[in-house]
Amino acid sequence: MDENRPRPESISLPARSQGWVGRSAELAVLRELLTSLGCGMGGCVLVEGSPGIGKSALVSEAVRSSAAGDALVLRGSADEFCVDLPFQMITEALRPVRGEASAPAAGSLWGAGARNPLAAGVQQALAQVERACAVQPVVLVASDLQWSDEASLTVLGGLTRLTAQLPLLLVLELTTGSTRDEVHQLRRAILSRGADAIALGPLNAEETVLLAQQLLGLPLAADLRQLTLQTAGNPLYVRELTAAMVREQRLTVRDGHLHLISDGTAGAAERLPGSLGAAIADRIGHLAKDTLEALRAASMLGTTFAAGELAAVLGWSVERVSHAFHEAVESGVLSDQRADTAFHAPLLRQALYESMPPTVRSLRHRQTAEVLSAGGWPAERVAAHLSLAKGTPDEWTIAWLGQSGTDLLYRAPELARQLSQRVTEAMVWDDERREPLEAVLAMAAFLRGKSQDCEAMATRVLARTQDPSRAAEMTWLLAYSLLNQVRGSEAIETVASAPKRWMLSSEWDARLRALHGLLLYLMTGPTDETRQVLNKALESGRTLNDAQTIAYACHALRVYYSGLGRHSESTPYLTEGLAAAASDPQLTDVRLLMLVNSVAAWEDLDQIDRARDSRRTALKLAMEAGTARLHNVLVMSATVAYRFGSWDEALADLEAAEEAPMIHYTTELGYGLAAVIKSHRGELDTARDYVERIGDPEKLAPSAWIASEDIWRARLAVADADGQQEQVLAILHRVCGDKFLTDLEDSYRLWAPVTRVALRLEERGLVAGLVATATRETERDARPKVRAAALHCQGMLTADPEPLREALAYYRRVGRVELAECAEDLSVVLATAGDTAGAKAAMREATDSFLALGAVGDLDRADARWRDVGLRRSTRGGRNRAAHGWEALTPTEQRIAELVAEGLSNPDIGERLYSSRRTIQTHVTHILAKLVLRSRNEVARAIADRPESAGVS
């Protein structure tokens, strides 16, 4: 090389902020979705691609350059530290509309089963988004979906269903290569629902060069073009490479083009980053020591972090952290983001994190956990770092988990399970510190529905514990785990033997007595022993003023007296038990059970308004608590709606229940009710499917069998419609057999349909026995609806219109669903007796009622019976409700459409109409389908343009 030859003068062009090139087709998809959002129509789009390919940049450009109008843009991101931190991504995204989410305060280990903060958090997050969408269109961007925690994934799954009826655009950014099953399940689910998919590939050669020219501000000469094309079209690599060339002063200008400086000793390109990873490492390596130290510590806190948290970890002042970050922001490593700071690209954080040796990272995670604990940070943040600290847990970790395990169980159950499992596995068998951790593992298994695992761990704790309170808690858990495995006798023995093994406190002795009585009732029915055990428990609870004992004893006594048909005696226990349960959030589970009971109690007394008030309270509490009782409450709600003729509302509740956490026996009862409604409506294929899902009702658990009247009615209806006479007769003989009807809680609901079919098949002996049973039941059970059912059957058997008229008058007065069939039966009896005028009047009442219910299957049956007795009904009223248009809407749907037009969200409509958010969501879906509309905005416009004649009835 000629050393006297002058070198080209380098220039220091600051790399400009990234411009935009290419991606026209991808941008068009996003802009179209954003335009539709401005018109009130939601959508979902999945943006996939390799690291650094520009997923977030594409979404940001689309939002910036589109006509999204006044849309609220919410953003949440994840990283590998988020996987076990519940709601980490969704909390970040929803912070502008709700602030920080609060976790429930931890109480006893036993109380963790009363509330499920994860399920409750999902419902709360969905409601927050729905309310935000009622104010303005919302774009929710979820970045790095592959690292999202499971709770946030569940919320996103729920939101994808809401995009069909809300002005909500869900944008999910996913880096290809994820191996997590739950991520793939969500991906498959959203694509199956018709979500758009954008697979983002590399820029082409022309776009790659153009991007570099925009960043550098001048055209590139051939050598720079060639070097730039080595980035393989990865926009992040282009950005990092251009920044490195400017930083290293490797550029010069000749003839209006940028050239790469060569010193003649080696190719200039060889001293520039040869890969994306090398480019990122080069950028980081040029940072000042203080800045680099701060960034490495920050990389352990996640992609997004708070300056205060980092200052605590480093032991620095916030001012020193801010000063160190000034260079990082200037160099493009960090970007300010609301109250937090974030890495400009996840790969930058990953490079800093991986620049530390694994042993150093593990040690620093352990130290970070201790610092955060001392600073009062939430237990799940501490636990997340402990989960990343490898090796044998040290003394501090064991002590912290022993103290914080219960709190962690309330806030992050899976982290509590993982850490407790890891720590106990590292302990020797006789280490006394194992016990509280194994207790946490028992409750974690219980919360996950793993009854066998819970049984094993609770048994292990009980075998060694000397702590009476812990023994009592584990006994409670073990008993419920055994009951869930249909091992009720073992559950009874477990509870009964506890006072003999431990010196229990007076409170726990009384609590376990109450549980003992409840188990006795479930397994043996209303015996004297059960009553005595429960009365003693309640007396102790009152003396001790222990809400838990009072609540469970009152709940069991209420069920006990109702089972005997002595409903007036059960009501005071219900009132006392509800008051006790409401005093302690840890009694949410039993409070929900009693609220369900109170709905049934008011329904028994035909006080529909009070039943709806209790139903509303139960739904609200179940949604807030997030327990599996939500399924129970929804099935109960559907049952009340069915019995008072609101069948569309009942079906909406049942549809919502199928997506709620399920309790086994309520699942089958819900299927039975759905099958009954579908058979009424002539939808026999659907009814048959529900019946098949249930299987053999004789194999149901006792708690389901005693409430199985809908299941038997549905089986009878399907078999009868299919012409399976042998099966029909088998069902008739079974349900009319000794004790069958008296063993069911509400057997009166079977009396009329069984009588009608049996009389048609000339099985009068069976009917006579049934009527005798019904008469005896009215002497035991004084509820008016039971007497009306007995009169109904008696009138059919004897062809006497007077009992039928009396029953019909009652049904008409209280608005019960039995009115239609009773009017049908009365019309047949009157026509047979020659009272044509009376028969026609009853026929018209039956017809109007069947049509209002949409019970076209019943109407077909009634038409055949009327023809047999010489009656013909007018068909001017039509056979069924219209399929589309305003006439297709039920009264409930019409009211909901009006509230949608007023701008109310689904949760707010639910509160106004005594219904759940999820049930209202189902109704809105049906409304859009029946009106052939695409958005809530269109519903509002359609109502404004609707003729007065189509007003809400």
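# A guided tour of the predicted model

Begin by selecting Ala-799, which is partly exposed, with a relative accessible area of 48%. On this scale, buried means under 20% relative accessible area, exposed means over 50%, and partly exposed lies in between (1.4 Å probe, protein chains only). The structure is a predicted model, in which local features need pLDDT of at least 70 and side-chain atom pairs count only at pLDDT 80 or more, while totals for chains, interfaces and linings use all residues. Residues are numbered from 1 along each chain as its sequence is written, and side-chain values use heavy atoms, with hydrogens and water left out.

Ala-799 sits in the loop between helix 39 (784-798) and helix 40 (801-814). Helices (H or I, at least four residues) and strands (E, at least two) are DSSP runs, numbered from the N terminus. Although Ala-799 is not a glycine, its phi is positive, at about 55°.

**Stop 1**

Next, display the 5 strands of the open sheet, whose order is 2-3-4-1-5 and whose pairing is parallel. Strand 2 (72-77) and strand 5 (196-200) stand at the edges with a single partner strand each, so one side of each lacks a neighbour in the sheet. From one strand to the next, the twist averages 15°. Two strands count as paired if DSSP finds at least two bridges between them.

Within this sheet, select residues 138-143 (strand 3) and 168-175 (strand 4): they run parallel and are joined by 5 bridges. Val-139 has Leu-169, in strand 4, as its bridge partner.

Helix 5 (residues 150-162) lies across strand 1, strand 3 and strand 4, at about 135° to strand 4. For these angles, axes are lines fitted to C-alpha atoms, for helices over the stretch in contact, and the angles run from 0 to 180 degrees between N-to-C directions.

**Stop 2: Arg-98**

Select Arg-98 in helix 3 (residues 88-98). Is this residue buried, partly exposed or exposed? Arg-98 counts as partly exposed, at 23% relative accessibility. Not counting residues up to four places away in sequence, Arg-98 touches Ile-90, Thr-91, Ala-125 and Gln-128; contact means heavy atoms within 4.5 Å.

**Stop 3: the hairpin**

Move to strand 6 (251-254) and strand 7 (257-260), with Asp-255 in the loop between them. The two strands pair in the antiparallel sense over 4 bridges, and Leu-251 has Leu-260 as its bridge partner in strand 7. Together, strand 6 and strand 7 form a hairpin with 2 residues between them. Asp-255 is exposed, with a relative accessible area of 75%, and its phi is near 55°, a positive value in a residue other than glycine.

**Stop 4: helix 12**

Select residues 307-314, which form helix 12; its buried residues are Glu-309, Leu-310, Ala-311, Val-313 and Leu-314. The cover over these buried residues includes helix 11 (289-299), strand 8 (304-305), helix 13 (318-330), helix 15 (358-374) and helix 16 (379-388). After helix 12 comes Gly-315, with a positive phi near 75°.

**Stop 5: Trp-602**

Trp-602 lies in helix 27 (residues 588-604) and counts as buried, at 18% relative accessibility. Leaving aside neighbours within four places in sequence, Trp-602 is in contact with Gln-607, Arg-610, Ala-611 and Ser-614.

**Stop 6: the largest cavity**

How many cavities of 30 Å³ or more does the structure hold? There are 7, and the largest contains about 220 Å³ of space. To find this largest cavity, select Arg-713, Arg-749, Val-817, Glu-818 and Glu-821, the closest to its centre of the 21 residues that line it. On a 1 Å grid over the protein atoms alone, a cavity is a set of points where a 1.4 Å probe fits but cannot get out, and lining residues have an atom within 4 Å of a point. Grid points are joined across faces, edges and corners, and a volume is the space filled by probe spheres set on the points.

Elements giving two or more residues to this lining include helix 31 (664-680), helix 34 (709-721) and helix 42 (836-853). Helix 37 supplies the largest share, 5 residues. The lining divides into 13 nonpolar, 2 polar and 6 charged residues. Here Ala, Val, Leu, Ile, Met, Phe, Trp, Tyr, Cys and Pro count as nonpolar, Asp, Glu, Lys and Arg as charged, and the others, Gly among them, as polar.

Notes:
On a 1 Å grid over the protein atoms alone, a cavity is a set of points where a 1.4 Å probe fits but cannot get out, and a pocket is an open set with protein on both sides within 12 Å along at least five of seven lines; lining residues have an atom within 4 Å of a point.
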